[in-house]
Amino acid sequence: MANLITLARMALIIPFIFAFLANAPWNMTAALIIFVVASLTDFLDGYVARARNETSALGAALDPLADKLLIAAAFILLVRNGVIMGFGVVAVIIIILRELFVSGMREALGAANQTLPVTQIAKWKTTAQLIAAGLLIAAAPTGIIGESLRPLASAALWIAATLTLWTGADYGIRSFKMLGAR
């Protein structure tokens, strides 16, 4: 059940993209609703997996992948439509590069029969990224709140980027120690 919820999050990325890109007055509201529903499945799948004792290697691989795909899609679209611009693009690049880096480190560790458990701060990082993206979608010119929300949304983006950089450094240091010990 938990894996199906995770797969649903991944499937919601496509309608999210279509809603975001639609040339209609309702597009950003629809995109925000889909994004929020997809974001909530991140918490739901973990709850269901723990409650039903359904943890699996597939779920452990799919869950962070679904998060990364949803977050990357949102931030790329927000850069594309100009909600994130200028120095904010640096925050998006930090986020996307960290996610790729950590995925690569996890793959290298897997090849060495080692694992790197998710930390609590990494969970906060994901939450911060989802909140920042949601606020930025709401702050889009046709978003549900509009541009008055942009300063708060931009601050949330930088909080997410800071947590992302911090957790990336932590994972990097721990991965290099584990891989260097072999």
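**Pocket and ring contacts in a predicted model**

Biologist: Which helix has the lowest confidence here, and which the highest?
Modeller: This is a predicted model, with a mean pLDDT of 90 for the protein and 99% of its residues at 70 or more. Confidence is lowest in H2, at a mean of 88, and highest in H5, at 95. In that order, then: H2 and H5.

Biologist: Okay, the largest pocket: which helix gives the largest share of its lining?
Modeller: That pocket holds about 1,000 Å³ of space, and 40 residues line it, with Ala60, Asp63, Pro64, Val118 and Lys123 nearest its centre. H1, H2, H3, H4 and H5 each supply at least two lining residues. The largest share, nine residues, comes from H3.

Biologist: And by class, how many of the lining residues are charged?
Modeller: The lining has 15 nonpolar and 13 polar residues. The charged ones come to twelve.

Biologist: Is phenylalanine 87 buried or exposed?
Modeller: Phenylalanine 87 sits in the loop between H3 and H4, while tryptophan 158 is in helix H6, 71 residues apart. Tryptophan 158 is partly exposed at 28% relative accessible area. Phenylalanine 87 has 61% relative accessibility, so phenylalanine 87 counts as exposed.

Biologist: Which residue lies over the face of tyrosine 171?
Modeller: The distance to the ring centre is 5.0 Å. The residue over that face is arginine 106.

Terms used
Residues are numbered from 1 along each chain as its sequence is written. This is a predicted model: local features need pLDDT of at least 70, side-chain atom pairs count only at pLDDT 80 or more; totals for chains, interfaces and linings use all residues. Side-chain values use heavy atoms; hydrogens and water are left out. On a 1 Å grid over the protein atoms alone, a cavity is a set of points where a 1.4 Å probe fits but cannot get out, and a pocket is an open set with protein on both sides within 12 Å along at least five of seven lines; lining residues have an atom within 4 Å of a point. Grid points are joined across faces, edges and corners, and a volume is the space filled by probe spheres set on the points. Helices (H or I, at least four residues) and strands (E, at least two) are DSSP runs, numbered from the N terminus. Ala, Val, Leu, Ile, Met, Phe, Trp, Tyr, Cys and Pro count as nonpolar, Asp, Glu, Lys and Arg as charged, and the others, Gly among them, as polar. pLDDT is the predictor's confidence in each residue, from 0 to 100. Buried means under 20% relative accessible area, exposed over 50%, partly exposed in between (1.4 Å probe, protein chains only). A charge sits over a ring if NZ of Lys or CZ of Arg is within 6 Å of the ring centre and within 35 degrees of the ring normal.
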